[in-house]
Amino acid sequence: MVTATAQQQAPHINHSAAFRIGFNILEKWGCSPAEKQAILGISKSAFYRYVKDPNTVTLSQDQLERISYLTNIHQALRLVFSNPDNIYGFMKMVNNNPYFNGRTPLSIIATGNFGALYEVCQRIDNMRGGQW
């Protein structure tokens with residue numbers, strides 16, 4: 001009996017499309033290039049190579065998961081808010097709720113810490129009453 005490896009079982013992921021999705025969300029949030037690199041977990045040289053030629057994008061599992069969290073945050077904000085200023089501006093708004101303690105969600109995830117990205121995603125998802 002022949003068994004397929006995990007890579008063969010997983011659907012093909014278009015890394016270029018995933019990068020563009022993450023990049024576009026961060027762009028709409030008003031992130032600097034350095035913030036985008038930290039949040040996506042991508043080196044400066046690779047980041048600029050990917051921006052210049054999206055066909056060269058090769059993302060790690062960690063980077064794909066980061067983009068997944070970004071899309072989940074974006075979707076939760078779209079469900080909570082109807083105003084585009086809030087949908088795209090929320091990440092730069094000072095938040096005094098527990099965990100944020102006067103910081104912006106963006107300043108927390110811009111540290112590049114994967115756990116911080118997870119925690120911010122979970123807390124924003126909870127704003128819509130979602131169970132994660």
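Student: In which helix is Arg66 found?

Tutor: This is a predicted model, in which local features need pLDDT of at least 70, side-chain atom pairs count only at pLDDT 80 or more, and totals for chains, interfaces and linings use all residues. Residues are numbered from 1 along each chain as its sequence is written, and side-chain values use heavy atoms, with hydrogens and water left out. Helices are DSSP runs (H or I, at least four residues), numbered from the N terminus. The run of residues 61–80 holds Arg66, and this is helix H5.

Student: What is the average pLDDT of the protein?

Tutor: pLDDT is the predictor's confidence in each residue, from 0 to 100. Of the residues, 89% score at least 70, and the protein's average is a pLDDT of 90. Over residues 1–10, however, the pLDDT is below 50. Where pLDDT is low, the predicted coordinates should not be read in detail.

Student: Is Arg66 buried or exposed?

Tutor: Buried means under 20% relative accessible area, exposed over 50%, and partly exposed in between (1.4 Å probe, protein chains only). Arg66 has a relative accessible area of 7%, so Arg66 is buried.

Student: Which residues does Gly41 touch, not counting residues up to four places away in sequence?

Tutor: Gly41 lies in the loop between helix H3 (33–40) and helix H4 (44–52). Gly41 and Arg66 are 25 residues apart in sequence, yet their C-alpha atoms are 7.8 Å apart in space. Counting contact as heavy atoms within 4.5 Å, the residues that Gly41 touches are Gln63 and Arg66.

Student: Why is the pair of Phe19 and Phe23 tilted?

Tutor: Rings of Phe, Tyr and Trp (its six-membered ring) pair if their centres lie within 6.5 Å; planes under 30 degrees apart count as stacked, over 60 as edge-to-face and the rest as tilted. The centres of the Phe19 and Phe23 rings are 5.9 Å apart. Their pair is tilted because the planes stand at 35 degrees.

Note on methods:
Helices (H or I, at least four residues) and strands (E, at least two) are DSSP runs, numbered from the N terminus.
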